[in-house]
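Visitor: Please take me through this model one feature at a time, with the cut-offs stated.

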Amino acid sequence: MLLFRSGRSASWSWIAPALSILFLSTLFSVHEALADKGKGKGGKKKQAALSASASPGEESLTNIPLPVGHEAKGLTLPDFDSDGHMRGKFEAATARRVDQEHVHFNTLKITTYTPENQTDLTISMSESVLNLKTRILSSKERTTVVRSDFNIVGDSVEFDTNTRTGKLIGNVKMVITDQSKLKPQPQPTP
């Protein structure tokens, strides 16, 4: 029995290009749908993350991505000024959000930088709490502050991350390693 009147089988040469066109159009529409989905959900997150890193803003330490009651290990937090220059870096072995306004750190190392991006101070604390509202970091444990020309150790500390000033309290010991910066330079006589 013949399938076609002419006795010849049908020519399938037109099916291959038609299937190729159908396949390519499906592929492009799936690609566009995935791109639109990325812009809709994850794209906003990526865009927000990029804009946050492009212009860090004054409150970089107040936006710690840690929910209340959770703990993070090996946390590193940059601290940027209003011009976007890094003025400090917090490195903690563990950090736990106590409540909306406080973060508890274990084995915290703070490095502050000068406007020329040189290391200024290194502060080491075993246990400390950062008040996110006032940006004051306090510790009731022995704390060490090191700079190129001195070392200071004290029983407790309060460090204001805004003004980059602090005070050590109780059994404070200071060792000056470079006295040349402390002595007034002799003025040349005219």
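Visitor: What is the relative accessible area of Arg-142, and how is the value read?

Guide: Arg-142 is partly exposed at 41%, and Asp-155 is partly exposed at 27%. This is a predicted model, in which local features need pLDDT of at least 70 and side-chain atom pairs count only at pLDDT 80 or more, while totals for chains, interfaces and linings use all residues. Residues are numbered from 1 along each chain as its sequence is written, and side-chain values use heavy atoms, with hydrogens and water left out.

Visitor: Which residue forms a salt bridge with Arg-142?

Guide: A salt bridge needs a side-chain nitrogen of Lys or Arg within 4 Å of a carboxyl oxygen of Asp or Glu. Here Asp-155 pairs with Arg-142, and their closest N and O atoms are 2.8 Å apart. The two lie 13 residues apart and link distant parts of the chain: Asp-155 is in the loop between E7 and E8, and Arg-142 in the loop between E5 and strand E6 (143-147). Elsewhere, shared partners join the salt bridges of Asp-79, Arg-87 and Arg-135 into one network.

Visitor: How many helices and strands does the chain have?

Guide: These elements are DSSP runs numbered from the N terminus: helices are H or I with at least four residues, strands are E with at least two. The chain has two helices and 10 strands, in the order α-α-β-β-β-β-β-β-β-β-β-β.

Visitor: Which residues line the largest cavity?

Guide: On a 1 Å grid over the protein atoms alone, a cavity is a set of points where a 1.4 Å probe fits but cannot get out; a pocket is an open set with protein on both sides within 12 Å along at least five of seven lines, and lining residues have an atom within 4 Å of a point. The lining of the largest cavity includes Asp-79 and Arg-87, along with Gly-88, Phe-90, Ile-110, Thr-112, Phe-159, Thr-161 and Arg-164. Strands E2 (86-99) and E3 (102-113) each give two or more residues to this lining, and E2 gives the most, with three.

Visitor: Which element gives the most to the lining of the second largest pocket?

Guide: That is E9, with four residues. The lining includes Phe-159 and Arg-164, residues that also line the largest cavity.

Visitor: Which residues have the most contacts inside the largest nonpolar core?

Guide: A nonpolar core joins buried Ala, Val, Leu, Ile, Met, Phe, Trp, Tyr and Cys residues through side-chain atoms within 4.5 Å. The largest one here has 23 residues, and those with the most contacts inside it are Ile-64, Phe-90, Phe-105, Leu-108, Ile-110, Met-125 and Leu-137. Strand E1 (71-80), E2, E3, E4, E7 and E8 each supply at least two of its residues. Contact means heavy atoms within 4.5 Å. Leaving aside neighbours within four places in sequence, Met-125 is in contact with Thr-107, Leu-108, Ile-110, Leu-137, Ser-139, Thr-143 and Val-157.

Visitor: What is the phi of Thr-107?

Guide: Most residues other than glycine have a negative phi. Thr-107 has a positive phi of about 50 degrees; this residue is in strand E3 and is exposed at 51%. Asn-117 also has a positive phi, about 70 degrees. Asn-117 lies in the loop between E3 and E4 and counts as exposed at 54% relative accessibility.

Technical notes. Buried < 20%, exposed > 50% of the residue type's maximum accessible area, 1.4 Å probe, protein only.
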